[in-house]
Amino acid sequence: HSAKALTVRDGRLLLTRNVGWRGDEYFILPGGGQEHGETLTAALVRECREELGATVRPVTLRYVREYIGKNQAFAERHAGVHQLEYMFVCELLEEPGTHAQSNPDAEQTGIVWLPLNELARHQIFPAVLKELIAGDGTLTGAVYLGDVN
């Protein structure tokens, strides 16, 4: 299982900037894998501290996505992966970079607040977020997203 932070503030979405193995830039929600014996929200807080250098407070579960790697953009690398991603609306308790990033993802190159009206111009995963986040920050759609890109 994986827990991800959906943080919208001032018309912008908080994402990590990443560079793939082919040199392509992409953006994903901060967060990551749950460890054995760890609650999803504890995993989210830990992962955000590692990737953002900041503490978040999960507010509510908003989306659940199945990630079946063989069906997604990174199929050649994730063919054997099948996980559930739980996306929580979060609030920041401190600004990104307050603490050193102790364990960013290997492909992570930074942190960015992308304006909601510019999401369509960027490679964001899951891409369905571009459709689900309205220009005013309203999160639309069903909770269960299924196996979407």
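Contact is taken here to mean heavy atoms within 4.5 Å. The structure is a predicted model, in which local features need pLDDT of at least 70 and side-chain atom pairs count only at pLDDT 80 or more, while totals for chains, interfaces and linings use all residues. Residues are numbered from 1 along each chain as its sequence is written, and side-chain values use heavy atoms, with hydrogens and water left out.

Leaving aside neighbours within four places in sequence, Leu-6 is in contact with Leu-13, Leu-29, Arg-62, Tyr-63, Met-87, Phe-88, Val-89, Cys-90, Leu-129, Ile-133 and Leu-139. Leu-6 also belongs, with Leu-13, Leu-15 and Ile-133, to the residues with the most contacts inside the largest nonpolar core, which has 18 residues. Such a core is a set of buried Ala, Val, Leu, Ile, Met, Phe, Trp, Tyr and Cys residues joined through side-chain atoms within 4.5 Å; buried denotes under 20% relative accessible area, exposed over 50%, and partly exposed in between (1.4 Å probe, protein chains only). At least two residues of this core come from each of strand S3 (12-19), strand S8 (108-115) and helix H3. Helices (H or I, at least four residues) and strands (E, at least two) are DSSP runs, numbered from the N terminus.

Strands are paired if DSSP finds at least two bridges between them. Strand S6 (residues 56-68) pairs with strand S7 (residues 82-92) in the antiparallel sense over 11 bridges, and Arg-57 stands opposite Glu-91 in S7. With strand S10 (residues 144-146), S6 pairs in the parallel sense over 2 bridges; there, Gly-146 is the bridge partner of Arg-65.

A salt bridge is a side-chain nitrogen of Lys or Arg within 4 Å of a carboxyl oxygen of Asp or Glu, and the count by this rule is 9. Arg-57 and Glu-91 form one, with the closest N and O atoms 3.0 Å apart. Arg-57 is partly exposed at 37% relative accessibility, as is Glu-91 at 34%. Glu-85 and Arg-65 form another, at 2.9 Å between the closest N and O atoms, and both residues are buried. Glu-38, buried at 15% relative accessibility, meets Arg-46 in a salt bridge (2.8 Å, N to O). A network of salt bridges links Glu-35, Glu-38, Arg-46, Glu-47 and Glu-50.

Two backbone features remain. The peptide bond from Phe-125 to Pro-126 is cis, with omega near -5°. Asp-10 has a positive phi, near 50°, and is exposed, with a relative accessible area of 66%.
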